[in-house]
Amino acid sequence: MLTSHRTPVTGRRVQLMATCLCDAFHDDVAAAAVEVLEHLGCEVAFPEGQTCCGQPAFNAGDWPASRRVVRHAVRTFASPDPIVVPSGSCAAMLFHGALLEFEKEADLGEVDALGRRTWELGDFIVNGLGVRSWPGRFDAVVALHRSCHTRGTGSSDAAALLLGSIAGVRLVELGEGEQCCGFGGTFSVAFPHISAAMGRLKLDHVRAARPDVLVSGDMGCLMHLGGMAARQGAPVRSMHFAQVLREALRGAA
Amino acid sequence: MRTQRIDQAAARLGAETRAAVYDGAKIGHEKRTKLLFDHYADPNRLRELAGEIKQHVVENLDTYLPAVEARLVANGVKVHWASTAEAACEAVHAILRARGATKLVKAKTMVSEEIELEGYLRERGIESLETDLGEFIVQLDHDRPSHIIKPIIHKNRRQIAELFERNGLGAYNDEPQVITQRARQFLRHKYLGADAGLTGANFMVAESGRLVVVTNEGNSRFCLAATRCHIALVGIEKILPRDRDLALFLNLLARSGTAQQLSVYNEFILGPRAPGQPDGPEEMHVVFVDNGRTNVLASSCREILRCIRCGACLNVCPVYRQAGGHAYRSVYPGPVGAVLSPLLLGRRFPEKADLPKASSLCGACNEVCPVNIPIPDLLLRLRDRAHTERVPSPGTPPMGAWSILASQPAAWKVALFGGRFLDHFPRSLVPVPALRAWESSRDLPKWRGGEFRRWLKLRRKRPGAGQSSPGITP
Ligand code: SF4
């Protein structure tokens with residue numbers, strides 16, 4: 001698979017890519033990511049000009065539009081410090097998807113370099129910084145939804161490792177964990193019927209596992225599942241992985 | 001609400017059919033996973049190795065094809081080349097005509113479906129009979145296969161029992177053994193009256209010219225044992241370099257396709273009956289079929305030619321499970337079909353350019369594929385091609401304006417702020433189709449554009465302040 005191999009992390013300075021979903025809807029997730037990174041001693045920069053990773057247009061097949069946005073990201077995140085993203089999907093866009101659409105472009109090298117320093121949050125903490133357990137306390141039965149775009153990366157295992165290490169957390173497995181929740185970005189609106197059917201199956205598995213909280217590293221999945229559960233009149237409590245880490249820190253205080 | 005054709009097909013699919021497809025696919029996937037991971041510490045390494053071997057073949061087809069032809073000729077096999085479906089049908093017809101044959105028994109071959117051989121021969125007075133149980137049922141019902149391994153995955157026992165009853169194959173009985181028994185009895189007589197047997201090939205070994213046919217019913221053996229002439233339809237990508245590669249590939253094919261350690265019948269056919277051999281066809285023909293495969297080779301998606309037609313990607317695919325195989329309007333459905341079917345059309349690609357859209361890009365297909373085809377990447381490349389060729393894509397929001405916003409920070413900030421007006425607007429008046437589609441089954445969270453940036457500024461100004469709120473979404 002075409003993937004930028006990540007450069008090992010040396011310093012503690014990072015750049016946060018908040019993602020457009022957090023910028024528009026889920027501000028608290030980005031805030032939690034900041035607090036979690038600062039807890040680890042990171043100096044978190046937030047390049048103000050940031051927008052989106054380019055994935056919506058990439059998946060829709062409009063690669064010229066997507067490349068425009070990726071080039072903007074290359075300029076915005078020009079610093080050589082690692083870029084940390086509280087989303088497996090957006091991170092994978094930069095270290096995998098962007099390479100596909102830049103294969104024949106003259107600036108492929110810059111895009112590859114961007115990919116090499118881009119990390120999903122959990123992957124960064126465990127495989128970038130070498131942190132293997134999380135302090136504090138969070139009393140809850142937690143079900144981790146392994147989002148699809150982290151297949152083949154270290155993200156899901158990293159999230160499970162950290163969550164499982166928190167005092168008070170009991171992790172439960174979701175049935176058919178390899179099945180997609182049906183979000184898929186524009187897929188969710190171009191294939192609303194199939195997307196909803198997939199979401200219902202996932203929610204059935206979630207409810208069968210009876211967690212206190214459904215956790216994911218991707219807000220796309222949670223927006224879709226949470227929005228659907230709310231519509232069904234049976235909301236499911238869901239949190240981003242970063243929010244759980246931060247709540248654990250607060251639980252320790 | 002304008003949506004994609006496959007989504008509409010899924011919405012129309014009857015509950016009974018969907019249940020049959022869903023259950024069949026899910027069981028197939030779960031059995032496969034258990035078998036692979038119970039027996040091998042690292043099955044992924046096997047998939048990667050098999051993928052590398054097959055990619056090597058695809059990259060070197062120009063040398064392998066003449067080599068295999070020479071081998072086959074030396075083995076006494078007659079070789080034919082067909083660049084189109086029509087030419088392949090003609091080649092088969094010419095072989096049959098030369099022998100005065102009017103009755104053909106067929107083992108399962110997807111290529112024959114692809115070239116629509118049955119209809120072609122029927123029009124020319126030749127009966128061809130499917131002998132694979134699933135394909136036999138499809139033929140009896142004038143239906144189409146909806147899965148490449150389990151052609152009748154969309155039918156349940158009751159429907160099959162009723163079909164048999166209607167066709168005079170005995171009173172209603174939906175016991176699988178009885179159904180199988182009845183089909184067998186009917187077919188046995190047909191084998192004996194047939195003039196020629198047609199098979200596909202799961203593999204064609206270059207170094208030996210060995211043709212490998214894998215079945216679980218033994219029907220292809222009957223096709224060969226009972227007739228004088230064997231015709232094999234072989235896609236040009238079916239080649240393996242060496243006999244010893246079969247160990248890996250037969251193993252992966254059986255495990256991935258039907259969750260068996262080994263398929264029940266593995267036939268290795270080296271040529272027509274040799275002097276002194278007690279039986280077997282006296283004449284053997286191999287028809288190599290291109291039918292668009294060189295288009296695929298010339299495309300940016302040639303990896304799909306590694307495919308060994310195991311069906312694992314169909315079984316795991318959440319979209320296939322909801323929509324069923326017929327929704328893909330192609331011989332090859334599911335993830336493999338979403339790549340292969342539009343490409344095989346060559347210049348007529350736009351007719352099926354919607355198939356690569358039918359994926360959430362979840363990557364489950366790549367994870368199970370025994371030859372490790374990066375199917376999601378190929379789907380994306382085809383989406384790029386469809387966009388470049390300006391094929392309309394219903395339901396997909398246009399991205400041009402968005403990309404301009406997303407590459408101009410000042411405009412982006414205005415949009416982040418402006419989005420909040422959405423919350424004060426009756427949603428039914430918002431003229432954004434994507435929003436309607438979203439809200440057909442999901443609530444949208446409250447717009448909080450720019451809130452994070454404000455929080456961060458505050459925190460930077462007064463360190464320690466600006467603790468975020470307890471984070472529970474939505
Ligand atoms: S693409 Fe891979 S998984 Fe799908 S049928 Fe072909 S070999 Fe099997």
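1. Conventions. This is a predicted model, in which local features need pLDDT of at least 70 and side-chain atom pairs count only at pLDDT 80 or more, while totals for chains, interfaces and linings use all residues. Residues are numbered from 1 along each chain as its sequence is written, chains are lettered from A and ligands numbered from 1 in the order in which they are written, and side-chain values use heavy atoms, with hydrogens and water left out.

2. The interface of the two chains. Contact (heavy atoms within 4.5 Å) joins 81 residues of chain B to 77 residues of chain A. The size of an interface is often given as the accessible area lost when the parts come together. Here the buried area (accessible area lost on being put together, 1.4 Å probe, summed over both parts) is about 6,800 Å², and carbon and sulfur atoms give 59% of that.

3. The rule finds 10 salt bridges between chain B and chain A, a salt bridge being a side-chain nitrogen of Lys or Arg within 4 Å of a carboxyl oxygen of Asp or Glu. One of them pairs Asp23(A) with Arg453(B), with 2.7 Å between the closest N and O atoms. On the chain B side, H22(B) supplies the largest share of the residues that touch chain A, with 8; helices here are DSSP runs (H or I, at least four residues) and strands likewise (E, at least two), numbered from the N terminus. By class, that side has 36 nonpolar, 23 polar and 22 charged residues. Ala, Val, Leu, Ile, Met, Phe, Trp, Tyr, Cys and Pro count as nonpolar, Asp, Glu, Lys and Arg as charged, and the others, Gly among them, as polar.

4. Arg454(B). This residue is found in helix H22 (residues 451-461) of chain B. Arg454(B) is partly exposed because its relative accessibility is 42%; buried means under 20%, exposed over 50%, and partly exposed in between (1.4 Å probe, protein chains only). Setting aside neighbours within four places in sequence, Arg454(B) touches Arg420(B) and Gly449(B).

5. The ligand shell. How many residues surround the ligand? There are 13, and the closest are Cys307(B), Cys310(B), Gly311(B), Cys313(B) and Cys369(B); a residue is near if one of its heavy atoms lies within 4 Å. The shell has 11 nonpolar, 1 polar and 1 charged residues.

6. Salt bridges within the chains. The whole structure has 51 salt bridges over all chains. Asp123(A) and Arg6(A) form one of them, at 3.4 Å between the closest N and O atoms. Asp123(A) sits in helix H7 (residues 121-128) and Arg6(A) in the segment before strand E1 (13-16), 117 residues apart. Asp123(A) is buried, at 4% relative accessibility, whereas Arg6(A) is partly exposed at 22%. In chain B, Arg293(B) pairs with Glu114(B) at 2.8 Å. Arg293(B) belongs to helix H13 (residues 293-298) and Glu114(B) to helix H6 (residues 110-114), so the pair ties together parts 179 residues apart in sequence. Both Arg293(B) and Glu114(B) are buried.

7. Leu187(B). Beyond neighbours within four places in sequence, Leu187(B) is in contact with Leu129(B), Glu130(B), Thr131(B) and Phe136(B).

Methods. Buried area is the accessible area (1.4 Å probe) that two parts lose on being put together, summed over both.
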